[in-house]
Protein chains: 2
Amino acid sequence: MTFDQLETPVPLVDLDVMAHNLDAMQGYADRHGLALRPHTKTHKSVHVGREQVRRGAAGLTCATPHEATVMQQATDDLLVAYPVVGHAKLDRLFSVREDVALRVQLDSSHAIDELAAAAVRHDRAVAVTVEFDAGMHRVGVPSLDDAVALARHVHANPPLEFSGIAFYPGHIREPVTSQDAALERLRHRVAEAIEAFTEAGMPPAVVSGGSTPTMWRSHEITGITEIRPGTYVYNDRTTAEIGACAWQDCAFSVLATVVSTSVPGQAVIDAGTKALGREPMRGASGEGWGALLDRPHVVVSRMSEEHGILDLSGSDWRPQVGEQVRVVPNHVCIVTHLNDVIFGVRGGDVVTSWPVEARGRGYGQLIGV
Amino acid sequence: MTFDQLETPVPLVDLDVMAHNLDAMQGYADRHGLALRPHTKTHKSVHVGREQVRRGAAGLTCATPHEATVMQQATDDLLVAYPVVGHAKLDRLFSVREDVALRVQLDSSHAIDELAAAAVRHDRAVAVTVEFDAGMHRVGVPSLDDAVALARHVHANPPLEFSGIAFYPGHIREPVTSQDAALERLRHRVAEAIEAFTEAGMPPAVVSGGSTPTMWRSHEITGITEIRPGTYVYNDRTTAEIGACAWQDCAFSVLATVVSTSVPGQAVIDAGTKALGREPMRGASGEGWGALLDRPHVVVSRMSEEHGILDLSGSDWRPQVGEQVRVVPNHVCIVTHLNDVIFGVRGGDVVTSWPVEARGRGYGQLIGV
């Protein structure tokens with residue numbers, strides 16, 4: 001099948017580049033003795049999850065119980081790196097089959113109480129990692145004393161089992177080569193956390209961390225045992241701009257068609273916010289909402305829902321209506337969430353496809369209209 | 001069913017508010033003798049499309065052939081307000097059943113040639129409206145001479161039928177009460193266009209226009225015959241801020257759960273970019289990515305994929321982990337595109353639900369993994 005047989009906009013993944021990315025990250029983790037637990041929010045696909053497990057991933061990470069119910073098809077060791085709060089979500093979490101090891105990452109006694117009550121109800125052990133704030137100020141307990149108290153609260157509530165600590169350094173957005181100062185603060189913070197738990201008689205078996213911008217420097221954080229990168233499987237424009245991958249490591253692009261060249265100096269493609277998302281280049285230089293795979297200096301400068309405006313002011317290239325282009329999105333995890341199917345390509349051929357099973361929210365039951 | 005039985009984040013629509021919105025717009029169109037052809041990109045739902053047609057809509061507007069194949073369940077008169085370019089898209093367009101009247105809005109001879117060839121192949125008449133640029137500089141021919149030439153090109157290519165002209169004043173983003181100058185320029189531009197086509201012997205039977213910010217002032221544009229508003233059915237924070245609806249006309253909200261209050265001065269909810277989109281308040285004042293339905297001064301100030309940060313600095317309210325809130329998104333059309341199911345509510349009860357059939361791209365055929 002050739003590209004022009006596809007209805008655009010449509011997501012393409014270069015199979016060879018993806019395989020390279022998967023191998024490179026597993027190789028990094030193996031070299032440094034780190035458990036790799038890839039975050040599946042990026043691909044939301046059983047097919048890709050299995051490729052990660054086959055290469056040696058210790059398990060998979062999910063953001064939601066819905067993702068966990070899908071990813072149990074790929075592994076028997078799941079982390080939901082998110083406080084699971086509310087009856088409906090807890091019920092879904094405990095619908096994961098019994099032989100799957102479950103771990104939940106949380107930061108409040110309320111979340112512990114709800115999880116413990118559900119675990120008792122379902123008579124099922126659940127591991128817990130307590131999240132402390134490593135500087136992002138999103139979730140995670142700011143005070144290490146409070147974090148230790150939460151761990152004690154977990155201990156007091158079997159069948160919950162305290163298994164360690166977790167952090168997410170999402171505030172570190174510097175390019176890879178200028179992260180030294182931020183990483184030094186993070187090293188210090190993680191060391192303090194390990195020390196606090198050890199002194200409290202609860203040395204953490206698991207120290208789980210890592211983010212995409214810091215992914216290749218995780219081994220510099222003393223004591224870390226596990227990393228949870230997501231984006232590396234596909235990569236995107238932001239990852240390339242900050243130097244966490246090369247441009248040719250971008251496996252994912254959105255195939256689009258030029259639909260109008262009426263307004264001089266621009267070309268309009270059929271990929272807008274509903275195909276690319278509206279994600280800025282956080283922590284990286286670069287204007288626009290995506291760049292052409294084959295012409296990275298041509299960017300999507302404006303968007304409507306189904307229109308993307310290619311700014312041609314810096315290029316001699318003048319595409320015709322009907323011509324196809326491939327756009328590397330700024331943030332691939334959002335684009336995955338917009339699509340139900342991914343097409344795998346090799347060179348100019350479409351050779352396979354796979355469903356994005358964990359897209360959406362998995363509301364199976366409708367109540368009648 | 002009560003709200004706390006739902007798994008969050010989940011989209012809710014207040015049924016009474018939606019009915020009010022539908023009635024108000026149809027009433028406006030009827031009073032001014034305008035054909036109402038609602039844009040279905042906002043709801044992507046057969047159920048809502050039928051509600052629009054039942055109240056008197058002349059037909060429905062779609063952005064893509066995929067949307068058209070879904071909306072043929074609700075009407076036998078469809079406009080695709082978008083250049084349909086490429087074999088796969090054209091094949092999908094012509095898969096709409098024969099008794100449905102089709103119209104396509106376009107702005108290039110290439111798009112006419114492709115559409116004409118497909119129409120001949122399928123032996124099917126297709127109406128065409130030529131889009132001219134009314135100031136937005138997105139699609140639409142800037143020169144009215146060129147627009148007239150395109151209409152002649154349509155005439156020369158039966159079974160295509162030239163049916164009129166179209167524009168989209170998406171550049172007018174002023175609040176409703178300060179649109180006078182922009183509307184005056186638009187009135188002038190539309191009058192010029194009608195004159196140019198009339199002088200060329202092709203007086204346009206259809207003059208199709210309108211946008212959400214200008215929707216209640218469409219009748220001030222002399223010669224307009226048809227309006228294509230979309231957002232009015234649900235409304236959103238932007239629509240309210242620019243005064244095109246009242247806050248209580250916002251029918252749509254995302255029900256979310258507070259999952260963390262660890263960091264002082266904020267509460268974290270489980271609705272982030274994958275539930276709300278990342279759409280700024282274009283043309284309207286207002287920070288953040290959404291506001292609470294019951295506390296509009298509390299906004300979502302930061303987001304990650306599955307985290308929304310409620311800024312509590314301007315509020316005495318301190319929610320607990322587990323508490324539910326309803327977020328009115330900045331731009332509802334994006335949120336619809338993220339969801340497969342909408343839940344209809346009345347007061348605190350969930351009383352119905354409907355599928356978002358036209359979400360996604362409708363790739364039915366997978367090629368084997």
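Hi everyone, let's start with the pair of chains: chain B can be laid on chain A by a turn of 180 degrees and a shift of 0.0 Å along the axis, with an RMSD of 0.0 Å. The two copies are therefore related as by a two-fold rotation axis. Please keep in mind that this is a predicted model.

Now, where do the copies meet? Chain A puts 67 residues into the contact, and chain B puts in 67 residues. On the chain B side, the elements that each supply at least two residues are α4 (87-93), α5 (109-122), β10 (252-260), α9 (273-276), α10 (332-338) and β17 (349-355). If you sort the residues on that side of chain B by class, you get 27 nonpolar, 24 polar and 16 charged. And the same surface serves both copies, as 100% of the contact residues of chain B recur in chain A.

How is chain A divided by the domain assignment? Domain 1 takes 3-9 + 238-355, and domain 2 takes 15-233. Taken over C-alpha atoms, the centres of these two domains of chain A are separated by 31 Å. Their contact draws 17 residues from domain 1 of chain A and 23 residues from domain 2 of chain A.

Which elements give two or more residues to the domain 1 side of that contact in chain A? They are α10 (332-338), β16 (341-346) and β17 (349-355) of chain A. Of these, β16(A) gives the most, with four residues. By class, the domain 1 side in chain A has nine nonpolar, five polar and three charged residues.

Last stop, a helix. In chain A, α2 spans residues 46-54, and its buried residues are V46(A), V48(A), G49(A) and Q52(A). Why do we say these four sit on the same side of α2(A)? Because they cover an arc of only 160 degrees around the axis. What lies over them? The cover for the buried residues of α2(A) includes α1 (15-31), β3 (60-62) and α3 (65-71) of chain A. Just after α2(A) comes G56(A), which takes a positive phi of about 125 degrees.

So that's the tour: the pair of chains, the two domains of chain A, and helix α2(A) with its buried residues.

Terms used
Residues are numbered from 1 along each chain as its sequence is written. Chains are lettered from A and ligands numbered from 1 in the order in which they are written. This is a predicted model: local features need pLDDT of at least 70, side-chain atom pairs count only at pLDDT 80 or more; totals for chains, interfaces and linings use all residues. Two residues are in contact if their C-beta atoms, placed from the backbone, lie within 7 Å. Ala, Val, Leu, Ile, Met, Phe, Trp, Tyr, Cys and Pro count as nonpolar, Asp, Glu, Lys and Arg as charged, and the others, Gly among them, as polar. Domain bounds come from an automatic or database domain assignment. Copies are superposed by least squares on the C-alpha atoms of residues with pLDDT of at least 70 in both. A residue is buried if 20 or more other C-beta atoms lie within 10 Å of its own, exposed if 12 or fewer, and partly exposed in between; C-beta atoms are placed from the backbone. The arc is that of the directions from the helix axis to the C-beta atoms.
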